[in-house]
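Open the model in your viewer and keep the selection panel to hand.

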Amino acid sequence: MRVIRHRKLPIKLVSEDRLTYDMLNTIEINMAYDGWEAWVDEYGEWFSPHKPNPKQLELFTEEEYHGGHLG
């Protein structure tokens, strides 16, 4: 199996690998520890469900935060 969908929400999980019990358990553990921080959208951009706070001063860009080099 490579595709599963939620029975109540309009969500589908598509995987290039087989979705075995171990793989689904790994996904569940990863979501518990990292939440959405490790997800990338269909455009290759880091996914974040959080809206930016316009009053917050950003010290560096998201690219720098996610592995780019500072200075």
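This is a predicted model: local features need pLDDT of at least 70, side-chain atom pairs count only at pLDDT 80 or more; totals for chains, interfaces and linings use all residues.

Residues are numbered from 1 along each chain as its sequence is written, and side-chain values use heavy atoms, with hydrogens and water left out.

**Stop 1: the largest pocket**

Select I11, L13, I27, W36 and W39. Of the 18 residues lining the largest pocket, these are the closest to its centre. The space inside is about 600 Å³. (A pocket is an open set of points on a 1 Å grid over the protein atoms alone, where a 1.4 Å probe fits, with protein on both sides within 12 Å along at least five of seven lines; lining residues have an atom within 4 Å of a point. Points are joined across faces, edges and corners, and the volume is the space filled by probe spheres set on them.)

Now colour by element. β1 (3-5), β2 (12-14) and α1 (21-34) each give two or more residues to this lining. The largest share, four residues, comes from α1. (Helices are DSSP runs of H or I, at least four residues; strands are runs of E, at least two; both are numbered from the N terminus.)

Colour by class next. The lining holds twelve nonpolar residues, one polar and five charged. (Ala, Val, Leu, Ile, Met, Phe, Trp, Tyr, Cys and Pro count as nonpolar, Asp, Glu, Lys and Arg as charged, the others, Gly among them, as polar.)

**Stop 2: the second largest pocket**

Select S48, Q56, E58, E62 and Y65. They are the closest to the centre among the 17 lining residues. The volume here is about 470 Å³. Seven of the lining residues are nonpolar, six polar and four charged.

**Stop 3**

Keep Y65 selected. Y65 sits in helix α2 (residues 62-65). Why does Y65 count as exposed? Its relative accessible area is 53%, and exposed means over 50%, buried under 20%, partly exposed in between (1.4 Å probe, protein chains only).

With Y65 they make a nonpolar surface patch of about 510 Å².

**Stop 4**

Go to R18, in the loop between β2 and α1. R18 is exposed, at 52% relative accessibility.

Finish at L24 in helix α1. L24 is partly exposed, at 28%. Its C-alpha atom is 13 Å from that of K12, twelve residues away along the chain.

Notes: Patches are made of residues with over 30% relative accessible area and no salt bridge: like charges are joined within 9 Å, nonpolar side chains (Val, Leu, Ile, Met, Phe, Trp, Tyr) within 5 Å. Accessible areas come from the Shrake-Rupley method with a 1.4 Å probe; for residues, only the protein chains shown count as cover. A salt bridge is a side-chain nitrogen of Lys or Arg within 4 Å of a carboxyl oxygen of Asp or Glu.
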